[in-house]
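Have your viewer ready and your selection tool at hand. We will take a short walk through one model, stop by stop.

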Amino acid sequence: MTVPKYTSEFLAKRFLNSNRDHIREKLPIKDPKGQRARDYQQKMLRKKAKEYLPYRLEYYAKLYGYRYDEVKLSHANTRWGSCTSDRTITLNIGLMKVPEQLRDYVILHELAHLNHPDHSNAFWAEVELHDKNYKKHRKVLNTMYNPGV
Ligand SMILES: [Zn+2]
């Protein structure tokens, strides 16, 4: 009897296919289909964010004369953005799911941190300079949206 070369691969694949559901059950992921959908959604969101957020940040930085060193994207569960003392601005890819004016508010908020590392009155005055409705935007963002979703 001759055994075709592809047999072992074929059998391995068949084994994987017939046991796939069983193997999945062993994984800690409770809902594999939902998890895959979320992974895909996050991948697309990251792609969209990469093509948009760095340019939007650059646009406002140029418009209002800010200088930052680097922009990073994150998908943190708790924050929309951050700004470090070495002038790195991080923006959450979840911003692609919120209305533009709220997205812009976060960008302007992080840019203002380049001059004020705190949330002092001077900081908020600078945010207000570029976003007159920042209080409303901040409130809507914090009550209606979640960066982790
Ligand atoms: Zn802040």
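The model is predicted: local features need pLDDT of at least 70, side-chain atom pairs count only at pLDDT 80 or more, and totals for chains, interfaces and linings use all residues. For your selections, residues are numbered from 1 along each chain as its sequence is written.

Select residues 100-112 to see helix α3. Helices (H or I, at least four residues) and strands (E, at least two) are DSSP runs, numbered from the N terminus. From first C-alpha to last, the 13 residues of α3 reach 18 Å, close to the 18 Å expected at 1.5 Å a residue (1.5 Å times one less than the number of residues).

Now colour α3 by burial: a residue is buried if 20 or more other C-beta atoms lie within 10 Å of its own, exposed if 12 or fewer, and partly exposed in between, with C-beta atoms placed from the backbone. Ten of the 13 residues are buried, so α3 is largely enclosed by the rest of the structure. Among them are Leu102, Tyr105, His109 and Glu110.

Next, show the strands, which pair if DSSP finds at least two bridges between them. Strand β1 (residues 70-74) runs parallel to β3, with five bridges; pick Glu70 and its partner Thr88. β2 pairs with β3 in the antiparallel sense over three bridges, where Gly81 partners Leu91.

Arg87 is partly exposed, with 13 other C-beta atoms within 10 Å.
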